[in-house]
Amino acid sequence: MTIKLGIIGYPLSHSLSKVMQEAALKDLGLEGTYEIMEVEPEDLIDKIKEIKCQNFTGFNVTIPHKVPVTVFLDEVDPLADISGSANTVKILPDRSFKGYNTDIYGFTQGFSEKQKNRLKGKKAAILGTGGAARAVAIGLNVIGVKEIDFYSRNVINASSMVNFLRENFPQTVFGVKQIQSLSNLSDVSVLINATPIGMRGQSMDLSPVEEKVLKTMRVGSIVYDIIYNPRTTKLLETAKKLDLETIDGTDMLVHQGAKAFEIWTGEKPDAAIMKMALLDSLAKW
Ligand code: NAP
């Protein structure tokens, strides 16, 4: 049987998920397709109805549908439940939809085991308070980070998300600060950029943190930019120059995709093959 996969999002002119998922299908000798479905927010209901009637195995969900899609789910895994968002949907034999959040898993896979151990009980700073920032915060909780400060350009808007996290993760201390006030990171063991600042096509020449602020980080601290295009953002370039440990967004992207593939097909794909396909595609930009 052909495995029918796809992604819904808007805009979606170029999806790196397609090249990764098709590489995994090919490597495992599975017959399948991965369709890019650009869906504007007002068309989401119709698209979901259409997908239900077709023979899809499952699909990925990206911006801006990760939260709205949860309304159409019949069942959710614990991480999709706690994050209130799903990036992966599996269509069960009775055509019901089960939602998963594999971004959280993907994010944690970006760290080495050594780094994860080092971060237990430590403090993190997250730039941004959008969907990805929430997944990052949950991932940091899974690792065992004990204190998280969010840096937002709108502290009031961020407060409902932070209150939600405080209720669900009472063992962790959460704070929200104005991003413009960021001046000292000396007590932070890991800094994560979950804003689009530094992304190709938007603000590739910008960094969300000034060099003099990054300089306050201690030796052995980690700077993790979840942006994957470009692979080395301005932020990571400066962090490398300062001899800080760096992690880019490619492993997060690969591992969220590998986990989704496993959920849909029951087969564990080779993440290295998926990463090679992703890097080949990124090199063409
Ligand atoms: P989002 O929901 O739109 O959230 C973006 C956040 O960044 C919001 O808090 C926004 O603030 C803030 N922000 C935007 N521009 C800013 C600026 N100039 N100054 C300060 N804050 C700013 O987007 P998202 O889904 O969380 O994605 C964020 C980034 O993560 C994107 O670059 C995306 O590509 C990346 N990402 C990577 C992966 C991966 O697998 N590697 C997965 C998901 C996302 P407001 O709330 O005030 O607008």
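**Entry 1: the ligand shell**

I sorted the shell around the ligand by residue class and recorded 11 nonpolar, six polar and one charged residues. The model is a predicted one. I then listed the surroundings: 18 residues lie around the ligand, and the closest are Thr-129, Ala-132, Arg-153, Ile-226 and Gly-249. I also looked up which helices contribute, and found that α6 (131-143) and α10 (250-265) each supply at least two residues of this shell.

**Entry 2: polar atoms at the ligand**

Which backbone atoms lie close enough to the ligand to count as polar contacts, with N or O pairs within 3.5 Å? For an oxygen atom of the ligand, I noted a polar backbone atom of Thr-129 at 2.8 Å. For a nitrogen atom of the ligand, I noted a polar backbone atom of Ile-226, also at 2.8 Å. Gly-249 places a backbone N or O atom 3.1 Å from a nitrogen atom of the ligand. On its own, the ligand has 920 Å² of accessible area, and the protein covers 74% of that.

**Entry 3: the parallel sheet**

I traced an open sheet of six strands, ordered β9-β8-β7-β10-β11-β12, with parallel pairing. Its edges are β9 (173-178) and β12 (245-247); each has a single partner strand, so one side of each lacks a neighbour in the sheet. From one strand to the next, the twist averages 20°.

Strand β8 (residues 147-152) runs parallel to β9 and is joined to it by six bridges. I recorded Gly-175 in β9 as the bridge partner of Asp-149. Helix α7 (residues 155-168) lies across β8 and β9, and I noted its direction as about 175° to β9.

**Entry 4: the mixed sheet**

I found an open sheet of six strands with mixed pairing, in the order β2-β1-β3-β5-β6-β4. Here β2 (32-38) and β4 (75-76) stand at the edges, and because each has a single partner strand, one side of each is without a neighbour in the sheet.

Val-76 has Gly-99 in β6 as its bridge partner.

**Entry 5: helices over the mixed sheet**

Which strands does helix α1 (residues 16-27) lie across? I recorded β1 (3-9), β2 and β3 (58-61), with the helix running at about 170° to β2. Helix α10 lies across β1, β2, β3, β5 (88-91) and β6, and runs at about 10° to β5. I noted that α10 is also one of the helices supplying at least two residues of the ligand shell.

Methods:
Residues numbered from 1 in each chain as written. Predicted model: local features only at pLDDT ≥ 70, side-chain atom pairs only at ≥ 80, totals over all residues. Heavy atoms only, no water. Near = heavy atom within 4 Å. Polar contact = N/O pair within 3.5 Å; in protein donor to acceptor, adjacent residues only side chain to side chain. Areas by Shrake-Rupley, 256 points an atom, 1.4 Å probe, with all protein chains shown as cover. Helix = DSSP H or I, 4+ residues; strand = E, 2+ residues; numbered from the N terminus. Nonpolar A, V, L, I, M, F, W, Y, C, P; charged D, E, K, R; others polar. Pairing = 2+ DSSP bridges. Axes fitted to C-alpha atoms, helices over the stretch in contact; angles between N-to-C directions. Contact = heavy atoms within 4.5 Å.
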